[in-house]
Structures are given as structure tokens and as C-alpha cells.
Amino acid sequence: MIRVDIETIIMASGPVPSVIVLRERGNGESANAPSRSLSIQTGSVEAAAISRGIDNSQNNGRPITHDLFIETLRQLNVKLERVEINRVDAPVFFARLVLVREGADEQIEELTVDARPSDALALAVRSNAPVFVEDDVMNRAGTISYRTAQQSGEDEFKQFDQFVQTLSPDDF
């Protein structure tokens, strides 16, 4: 499993899907190693729910479904331990919630629940639960980014400008 963070949410409207970009966390082994990212398409309402969870937006005291679910888990003494993006059947991704609760005999019980990635991510941001992606999913659907933290915006702009200069009208 690969630990990821939400890097970007690209909001769209109409028939164009929104996109959630998950970036692999740096493992500290090599600062110059390329990182991988995973882009998951979702609806605009789902993307907005994730964004509201990140921003910790309030809904005038009326919880939306994800807030309600987190509060229900809390009342039941259940914790969202982690979210796992565990399968891809392009373009559809699958996820599961890993929940933990303490049983009557003080044994920790782990439960898994299938979920849409958008719902799982909306819950993860509200509960500070870590997000993981199966190695196979990242290998099949992820992309590699050679951009480093030291790369400035101007360097990135120059690279983009050089790329644009190589395009012709036939490329479109």
C-alpha cells in the first residue's frame, strides 16, 4: 500500500467530470526520486463535498451526509482508521473504509466497508484518516511526475513554453 495525500481538486461543471489528484507521499529514501500521482474522475457534487471537508466548511449547523456519517461513527465509538483505494477497472476506481472499534472484551475489531472513492475521501478529510492506494492500482493507473520541490514556477513555465513551441495545428 502507498500512502497518498490529496494534492488537487479540479472542479468542473456540466458534462465534464471533476478530478481528484492524489500524490504519493515522499518516502524519504531519495529526494530526487520521481513521485507518482493518481487522478480519479468524479462528479462536481462529490468533488465539492471533499473540498468542503478540507476547508472544514460549516453548513449552518445542518450536517451534510458525510458529516452525519462521521458523527454517527463517533457516537458508536467507531473510528475511521484508513481509506484504501484498492481496485481499478478503468475508468472506475473502488475503495474501502477500514473501521475499528473496541469490542466488549476490549479486543480491537477491524471492519471493512466498500465505498466509492469520492465518498471515502470526503470521510477521510473530515476525520484526518490516512489514504492509501494499492500498489497494483498505482502501477496501472498512476502517472509519474519528475517535478521536484526545488523546481521553481519559472522553470516550469519555461518547460511548458518549450513544449508549446513544438506543437503544430495538426496536433489538435
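Which residue lies over the face of phenylalanine 94? I looked this up before anything else. Arginine 87 does, at 3.8 Å from the ring centre. I counted a charge as over a ring if NZ of Lys or CZ of Arg is within 6 Å of the ring centre and within 35 degrees of the ring normal.

Notes on the source. The model is predicted, so I required pLDDT of at least 70 for local features and 80 or more for side-chain atom pairs, while totals for chains, interfaces and linings use all residues. Residues are numbered from 1 along each chain as its sequence is written, and side-chain values use heavy atoms, with hydrogens and water left out.

Helix α1 against α3. I took helices (H or I, at least four residues) and strands (E, at least two) as DSSP runs, numbered from the N terminus. The axes of α1 (residues 44-55) and α3 come within 8 Å and cross at roughly 10 degrees. Axes are lines fitted to C-alpha atoms, for helices over the stretch in contact, with angles from 0 to 180 degrees between N-to-C directions. The two helices are therefore roughly parallel (under 35 degrees; over 145 is roughly antiparallel, 65 to 115 roughly perpendicular, the rest oblique). On α1 the contact (heavy atoms within 4.5 Å) uses Glu46, Ala49, Ile50, Arg52, Gly53 and Ile54, and on α3 it uses Ser118, Leu121, Ala122, Val125 and Arg126.

Helix α2 against α3. I found the axes of α2 (residues 65-75) and α3 (residues 117-127) within 10 Å, crossing at roughly 60 degrees. That makes α2 oblique to α3. His66, Asp67, Phe69 and Ile70 of α2 meet Asp119, Ala122, Leu123, Arg126 and Ser127 of α3.

Backbone checks. Most residues other than glycine have a negative phi, and most peptide bonds are trans. I noted a cis peptide bond from alanine 90 to proline 91, with omega near 5 degrees. Proline 91 is in the loop between β4 (78-89) and β5 (92-102). Asparagine 77, not a glycine, has a positive phi of about 60 degrees. I placed asparagine 77 in the loop between α2 and β4.
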